[in-house]
Amino acid sequence: MIKTTSLRGVSVLGLVAMLSGCGVFWGDEAYFRNREGDYQKADNIEPLKVPQGMQGEKLGERYPIPPITESEFDDIAQEGSAEVPRPQPLATNLMQENVKIQRLADERWILMNVSPGEVWPRVRAFLNENNVDVATADIERGLIDSYWLQFKSDLSTSDRYRVQIDQGVQPETSEIHVLHQSVQGDSPSDDLQWPAASSSSEREAWLLDELAAALARDETIGGTSLLAQAIGGDAKSALVVEQNEPVMKIRLSEARANATLYHAMRQDGFAIYDSQPDDGVYYLHYQPVEPENDSWFSGWFSSDKELVATSPYSVAQLLTVVPQGEAFAKAPLSNRAAESSFPDAPGYLLFIEGEANNYTVRLRDPYGKRLDPRKSRDLLTLLRKNLI
């Protein structure tokens with residue numbers, strides 16, 4: 001009994017000691033305290049100073065934080081407003097295949113729904129696995145050039161490839177373009193100029209198809225390159241504000257800009273009443289699309305019908321009352337009830353201005369007057385979502 005009592009006393013004393021010692025581990029001054037707010041107390045430290053007489057060009061941030069700019073319509077929110085801006089919607093193609101081959105006339109390219117930083121090492125891995133030796137790799141420009149090689153089916157020529165990785169039209173997407181060059185002989189110079197178009201569309205298509213298949217087959221090869229995140233700069237489309245008006249910028253060739261905008265103007269409730277493409281003017285109808293019915297019967301019917309809309313007025317008629325020149329740039333806000341010409345005209349006018357790789361897209365009411373900034377932002381965002 002004495003021994004038993006003694007052991008119990010020791011146990012009780014040990015428990016009391018453990019409880020009294022909990023403050024060592026938990027609490028504001030303890031080792032295992034809550035540190036979730038410590039980052040707010042963090043302070044900057046002075047940057048590393050290079051001794052006099054030594055060069056420090058190679059020093060820099062290992063993980064630089066890109067500057068925050070007023071883009072994507074951030075500055076439309078009125079000062080003092082409590083409204084939280086909505087996030088930009090995902091592009092339509094982001095919800096489909098991860099790897100697609102796009103075509104426009106004779107041009108073909110691979111579209112991927114990942115950033116160039118993920119594409120770059122995967123393309124390098126593909127070339128290495130297929131014994132396509134890399135002669136030069138310019139990560140800033142997104143260019144990979146191969147050495148000269150010979151096809152077993154034709155030993156009379158030497159061939160090489162240039163792979164261009166670029167930003168896509170949508171944020172966080174990438175485009176891969178392939179250029180093929182072929183010359184006679186088996187020892188051409190590495191200093192030859194690259195042609196504007198591929199020497200052989202068949203051999204270009206071969207590498208493009210093989211690369212697309214490999215990228216779609218294995219999404220894990222290659223990893224991610226932090227250095228390649230800045231390839232090609234920003235996406236080829238952007239939503240910005242010019243003179244207090246929301247606009248969309250497009251950095252594409254003339255043919256592709258027109259083609260992708262035409263595609264977007266027939267999606268998600270948009271339809272084209274009339275147009276004058278040579279003048280860069282489209283007369284659009286818009287009606288919000290009702291959410292699709294997910295019932296069992298909905299699968300029996302197709303929902304891919306193109307929306308057809310009509311207006312009593314044509315683009316030519318409406319352009320007679322649209323302000324011109326400086327008056328167009330400084331047009332007042334829309335007031336449809338006050339318009340005497342072509343009363344109650346429905347829809348919107350879309351204007352495309354600029355030149356290749358620098359187009360500006362504006363949405364106005366049918367009389368060329370500015371829309372409410374929120375309305376303009378929402379409609380341009382919807383159009384941009386469907387650019388391809």
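A salt bridge is a side-chain nitrogen of Lys or Arg within 4 Å of a carboxyl oxygen of Asp or Glu. The model is predicted: local features need pLDDT of at least 70, side-chain atom pairs count only at pLDDT 80 or more, and totals for chains, interfaces and linings use all residues. Residues are numbered from 1 along each chain as its sequence is written, and side-chain values use heavy atoms, with hydrogens and water left out.

**Exercise 1.** State which parts of the chain the salt bridge between R162 and D145 ties together.

Solution. Step 1: the closest N and O atoms of R162 and D145 are 2.8 Å apart. Step 2: R162 lies in strand β6 (residues 154-167) and D145 in strand β4 (residues 143-146), so the pair ties together parts that are 17 residues apart in sequence. Helices (H or I, at least four residues) and strands (E, at least two) are DSSP runs, numbered from the N terminus. Step 3: D145 has 9% relative accessibility and counts as buried. Buried means under 20% relative accessible area, exposed over 50%, and partly exposed in between (1.4 Å probe, protein chains only).

**Exercise 2.** Describe the salt bridge between R203 and D159.

Solution. Step 1: the N to O distance in this salt bridge is 2.9 Å. Step 2: helix α4 (residues 201-217) holds R203 and strand β6 holds D159, so parts 44 residues apart in sequence are tied together. Step 3: R203 is buried at a relative accessible area of 17%, and D159 is buried at 0%.

**Exercise 3.** Find the network to which R362 and E245 belong.

Solution. Step 1: the side chains of R362 and E245 form a salt bridge (3.1 Å, N to O). Step 2: R362 is in strand β13 (residues 358-364) and E245 in strand β9 (residues 245-250), 117 residues apart. Step 3: R362 is buried at 11% relative accessibility, and E245 is buried with a relative accessible area of 4%. Step 4: salt bridges that share partners join E242, E245, K249, E353, R362 and R364 into one network. The structure holds 17 salt bridges.
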